[in-house]
Amino acid sequence: MGQVFIVADDHPLFRGALREILASLPEPGTIVEAADFDETARALADNPEADLLLLDLAMPGTSGLSGLALLRAEYPSIPIAIVSGIENAPIVARALDLGASGFIPKSTGFEEIRRAIQTLLAGDVWLPPDVPLDAERDPEVTELIQRIRTLTPQQTRVLTMLGRGLLNKQIAYELGISEATIKAHVSAVLLKLGVDSRTQAVIRLSKLGIDLDTGFLA
């Protein structure tokens, strides 16, 4: 079986551009498209050994970097490159801290994106050359990222669903497990995040959101 690429972006024209670039590679493979976060999750479930995920940050169904955190926890071996119209240094740095293999601004030219993808497929990291990564990091966000990375994939899923405002019963239904198990996961999530309530956990998770008007962490 050849390479498998997943293109996750809610803009059909940009998905089409990425599809064209991937099809032009020396070893093109199967291209799976997703227009929202749920479709992305299903695409990964169907292709758990995909060679590359190109992930837009601003997609329906997720908020900023929280989607990256969830997918990175569940599929630690799949290279994930962020492809985004938001390209400031704090966002790039946070994406790398959460395990992204690269960050490709949507303003990047066709040939440069092609080279970036080839770099990622070779196992290397690709970053925009004009984005400085030595800027001072927000210590609160840095600590939050470290805590999130201690969560298991199931705990990360539960945290993301809490962020969507779902109740334990609804989370249990979506994940196909008992409500008692969800309560145990919620307790573990609260402990690992160092908070006392679901509301506090959601507030902490929102720190990974992005203000689409300013392009900065919310």
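Helix α3 (residues 66–74) packs against helix α7 (residues 153–163) at an angle of about 160 degrees, and their axes lie 8 Å apart. Because angles over 145 degrees count as roughly antiparallel, α3 and α7 are therefore roughly antiparallel to each other. The crossing in which α3 passes α7 is left-handed. On the α3 side, the contact is made by S66, A69, L70, A73 and E74, and on the α7 side by P153, T156, R157 and T160. Classified by residue type, this contact of α3 with α7 comprises four nonpolar, three polar and two charged residues. The model described here is predicted.

Helix α7 also packs against helix α8 (residues 168–175); the two axes come within 10 Å and cross at roughly 130 degrees. This angle makes α7 oblique to α8. In this case, α7 passes α8 in a right-handed crossing. From α7, the residues Q154, R157, V158, M161 and L162 meet I171, E174 and L175 of α8. The contact of α7 with α8 consists of five nonpolar residues, one polar residue and two charged residues. R157 takes part in the contact with α3 and in that with α8.

Leaving aside residues up to four places away in sequence, D56 touches A8, D9, D10, V83, S84 and K106.

Technical notes: Residues numbered from 1 in each chain as written. Predicted model: local features only at pLDDT ≥ 70, side-chain atom pairs only at ≥ 80, totals over all residues. Heavy atoms only, no water. Axes fitted to C-alpha atoms, helices over the stretch in contact; angles between N-to-C directions. Helix = DSSP H or I, 4+ residues; strand = E, 2+ residues; numbered from the N terminus. Parallel < 35°, antiparallel > 145°, perpendicular 65-115°, else oblique. Left-handed = near helix turned anticlockwise from the far one by under 90°. Contact = heavy atoms within 4.5 Å. Nonpolar A, V, L, I, M, F, W, Y, C, P; charged D, E, K, R; others polar.
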